[in-house]
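Please take a moment to look over the sequence and the three-dimensional model before reading on. The paragraphs below are meant to be read with both in view.

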Amino acid sequence: MQLFSVVKKLYKLILKSFLGSFVFTFFIVIFVLLMQFLWVYVDDLVGKGLSFKIIMELFFHASVTFVPMALPLAILLASIMSFGDLGEHYELVAIKASGISVWTAMRPLFIFSVMLSGLAFIFSNSINPVATLKFKTLLFDVRRQKLAFDIKEGVFYKDIEDYVIYVDKKGEDGSTIYGVKIYDHTDHQGNNKIMVADSGVMSLSPNQRSIIFTLYNGCNYTEDNSNKENYKVKRPFERMSFREEQIKFSLASFDLTRSSEDMYKSYQAMMNIHQLSTALDSLERHYDTRQEDFSRGFERRLANYVAIGSSPLTVSSSDTNSQLSTTNCQLEWPLIEHLDPAVRTRVLEIASGTARTAKDNVAFNKQDLEAQHLNINRHKKEWHKKFTLSFACIIFFLIGAPLGTIIRKGGLGLPVVVSVLFFVIYYIISTVAERTAEYGDLNMFLGVWLSSLIILPVGLFLTIKATKN
């Protein structure tokens, strides 16, 4: 009874230590991955006038998609930190001295890791596809979004639809402009409308949906080419001077346009297991049908080529009536040197044309079948990866917990180095093997599970080593 009470308190201590480290390291890893994402796409985000809501929505969906990578690493790091801290403060020695084995101390965290792996599977199958769909769609919209309205000195600005604006110089306040030229292309007939002004002021409309140019001391130049018949002879031209004139430009084209999520729903990363299984069945049946149709069609087309090329041809020999004949597509060709030059040239042209057509047809169909096979392999890879996340959670606990008892170091020093080392090895093996399997050079099951099959024996060895000491 007393031992049970001790074990119960020990379990509470270990779970409390692990959960604190796990939550802390999990969000640290998510933050690091988010900063990496920001570094990669910073050029697509800066200077586009994106609202705070859009940026936070993009970051949130991106963070959710990083969970499959962050979760195993957080379990590994938290396990090493928890048991390393116990070893560093000699609490692990006290646990062994009281008759409690290391495996008994690991048991609650192992059960927790198994439960977490189940939640990881549910997340990978249900939540991650939806988050990936929303993230990819929003990222596509953000990347195609125009830069915010910002006219540079001495540069033709073309981001406002049907207008080109040139500013020779801008004032220190950023709104006063000098040497303004505005080319109006709204009628799509070239540079037939031009507005020139000595100076002006840029300002936003009260609803901030338009930008207003108030121009001073300028002219409007208009060339009327509506009369196409007499345009080259008369060339009517108008010039109108002004002291002050306002022109308004709509900023609607700078608003973020949200695309429909349907455009990405067919991608394998946006599907759950049931959808992937259904898609795989359809893709494989279509692939098999495509192969059979190509084989039958190629034989039929080849027979047609032979039939076309076997039309009667006169040959130069002692028998002037001898001809090329065909019976059931089996040709009786005389030696080519016995043909007269004109017939020989035609025979060679037909043969070379037939060979080129057949070669092009084979190359096209080969490329098409390879693309279909690659698509099938990518669906298979995503299907298997729904399970690898769950399995990785258990594997990394089996590595982290015994490793912590061996190195006996807590904190964020050595545990971080060891964790990152193991995770990088796992990630590199996984990436290379998956890419190899995608292109058919490795069995798909082996390609997706190879990293787990390599790391698992390491975890079992470390667990046995730690529990025996």
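This is a predicted model: local features need pLDDT of at least 70, side-chain atom pairs count only at pLDDT 80 or more; totals for chains, interfaces and linings use all residues.

Side-chain values use heavy atoms, with hydrogens and water left out.

Helices (H or I, at least four residues) and strands (E, at least two) are DSSP runs, numbered from the N terminus. Five strands form an open sheet in the order β1-β2-β3-β4-β5, with antiparallel pairing, where two strands count as paired if DSSP finds at least two bridges between them. At the edges stand β1 (163–170) and β5, each of which pairs on one side only. Neighbouring strands of this sheet are turned by 25° against each other on average, direction ignored.

Within this sheet, strand β3 (residues 193–204) and strand β4 (residues 210–223) pair over eleven bridges in the antiparallel sense, and here G200 stands opposite L215 of β4. On to the next pair, β4 is joined to strand β5 (residues 237–250) by 13 bridges, again antiparallel; I211 faces F249 of β5, and N220 has M240 of β5 as its bridge partner.

Two packed helices are described by the angle between their axes and the distance between the axes. For helix α3 (residues 67–88) and helix α9 (residues 414–438), the axes come within 9 Å and cross at roughly 145°, the axes being lines fitted to C-alpha atoms over the stretch in contact, with angles running from 0 to 180 degrees between N-to-C directions. Their contact (heavy atoms within 4.5 Å) involves several residues, including L73 and L77 of α3 and F422 and Y427 of α9. The residues of this contact divide into twelve nonpolar, one polar and no charged, where Ala, Val, Leu, Ile, Met, Phe, Trp, Tyr, Cys and Pro count as nonpolar, Asp, Glu, Lys and Arg as charged, and the others, Gly among them, as polar.

Seven salt bridges are found in the whole structure, each being a side-chain nitrogen of Lys or Arg within 4 Å of a carboxyl oxygen of Asp or Glu. One of them joins the side chains of E284 and K380 at 3.6 Å, N to O. Because E284 lies in helix α7 (residues 273–309) and K380 in helix α8, the pair ties together parts that are 96 residues apart in sequence.

Helix α8 (residues 341–407) also bends by about 30° at K386, the bend being the angle between axes fitted to the seven residues ending there and the seven starting there. After α8 comes R408, whose phi is positive, near 50°.

How values were computed. Residues are numbered from 1 along each chain as its sequence is written.
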